[in-house]
Amino acid sequence: MTLKVFVIAGEPSGDRLGGAVMAGLSALADDVEFRGVGGAAMAEAGLVSQFPMSELSLMGIAEILPKYFHLKRRIREVAEAILDWKPDVVVTIDSPDFCLRVADLVKARSDIRICHYVAPTVWAWRPGRAGKLAKRVDQLLALFPFEPPYFEKEGLRCDFVGHPVATEELASDQEVADFRARHGIGTEPLVLILPGSRKSEVWMLAMLFAEAMGHFSLHHPKARYVLPMAQNVENVVRRVVKSDWPVQPILIDASDKAEKAAAFRAADVALAASGTVSLELAANDTPMVIAYRMNRLTEMIIKRKLLIDTVTLVNLVSETRVVPEFLGTDCIPQKIAASLSHVLNTGDDQRAAMKLTMERLGRGQEDPGLRAARAILDGIAQG
């Protein structure tokens with residue numbers, strides 16, 4: 001009997017999770033069929049997306065408002081597709097503003113099982129979401145080991161399945177050496193620039209990061225720079241980088257995964273937007289500085305509700321505060337540049353925390369996509 005799975009992801013990080021769990025389900029189930037919304041990773045695992053995932057890659061209240069009616073229409077379309085197909089399970093991945101609204105429409109008219117992948121950060125802000133989520137979905141898959149208790153106390157099954165970044169294959173020493181040789185990089189510092197994976201992030205952060213690089217280069221005139229471009233933002237990055245950047249980074253196409261992997265391991269220090277990328281850097285043992293700005297209205301709302309003193313995942317998982325971060329109005333290029341210089345010279349301070357982070361997220365254990373797939377199948381069996 002064919003296992004029918006409808007999968008929804010709304011951004012690149014969710015797409016990677018979706019691709020991994022689809023691969024896991026395909027390995028564990030004799031016959032599985034997928035439908036849904038996703039990006040390149042999910043396409044590689046066999047999904048033909050209902051529409052381009054990039055339509056959903058928005059963040060922040062001010063960024064979403066102009067697209068509100070279009071997103072509402074897409075929510076209805078996806079819910080109708082699920083109700084028409086009647087899958088065995090719907091796997092919604094992160095992007096709660098979209099995914100959970102789809103789940104609500106499906107639940108209102110059916111008993112189709114909903115499994116949400118990536119727990120909302122109730123430990124960071126709006127803890128009441130745990131109880132509300134328990135009424136909207138049947139199962140939750142968590143990336144972090146400290147998350148299940150927040151939801152289990154509300155009666156929601158929550159499985160810690162590990163984080164895929166902890167088991168991803170890294171570039172080899174030879175690949176790193178080849179990367180440096182290919183780009184003529186000797187012993188000079190190599191700085192990795194990561195301004196985000198959403199267009200709104202890149203527009204907000206790219207010029208700010210460029211200014212920080214300008215200040216940094218005054219003290220490190222021989223430094224080199226590399227910028228791997230995320231999928232869906234390559235055109236934006238190329239336009240912004242041409243706009244009088246004080247340094248000229250090596251641009252890596254989103255499709256060149258090997259080159260990106262080599263850059264992550266080859267870099268001596270990174271300046272990155274807040275998010276999952278801090279875990280990718282930790283996996284590669286690359287010291288970092290985190291900086292992030294959003295629309296002022298969004299920042300004001302989040303700041304009032306925030307329950308934690310750091311948003312950097314390495315700091316949170318390792319229970320340290322070794323990764324410096326510059327958020328909101330503190331996101332000042334001169335301060336960022338000074339911190340980059342400091343981290344470049346004292347990177348060992350972060351390495352123990354990065355190693356601990358990877359261990360806690362599942363390094364050396366079974367692939368998280370397979371663990372997630374097994375949890376989903378067990379949830380279906382248990383009902």
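Reader: With which side chain does the side chain of aspartate 159 make a polar contact?

Author: In this predicted model, aspartate 159 belongs to strand S6, which covers residues 157–160. The polar contact joins two side chains at 2.9 Å, and the partner of aspartate 159 is arginine 157.

Reader: Is aspartate 159 buried or exposed?

Author: Leaving aside residues up to four places away in sequence, aspartate 159 touches Gln139, Leu140, Leu141, Ala142 and Ala375. Its relative accessible area is 17%, and because buried means under 20%, aspartate 159 counts as buried.

Reader: Which strands are the edge strands of the open sheet of six strands?

Author: The strands of this open sheet follow the order S9-S8-S7-S10-S11-S12, and their pairing is parallel. An edge strand here pairs on one side only, and that applies to strand S9 (250–252) and strand S12 (325–327). From one strand to the next, the twist averages 15 degrees. The edge strands asked for are therefore S9 and S12.

Reader: Which residue in S12 stands opposite alanine 291?

Author: Strand S11, made of residues 288–292, pairs with S12 in the parallel sense, and three bridges link the two. Opposite alanine 291, the residue found in S12 is phenylalanine 326.

Reader: At about what angle to S7 does helix H9 run?

Author: Helix H9, which spans residues 199–219, lies across strand S7 (190–194), strand S8 (224–228), strand S10 (269–272) and S11. Relative to S7, helix H9 runs at about 160 degrees.

Notes
Residues are numbered from 1 along each chain as its sequence is written. This is a predicted model: local features need pLDDT of at least 70, side-chain atom pairs count only at pLDDT 80 or more; totals for chains, interfaces and linings use all residues. Side-chain values use heavy atoms; hydrogens and water are left out. Helices (H or I, at least four residues) and strands (E, at least two) are DSSP runs, numbered from the N terminus. Buried means under 20% relative accessible area, exposed over 50%, partly exposed in between (1.4 Å probe, protein chains only). A polar contact is a pair of N or O atoms within 3.5 Å; within protein, one must be able to donate a hydrogen and the other to accept it, and residues adjacent in sequence count only if both atoms are side-chain atoms. Contact means heavy atoms within 4.5 Å. Axes are lines fitted to C-alpha atoms, for helices over the stretch in contact, and angles run from 0 to 180 degrees between N-to-C directions.
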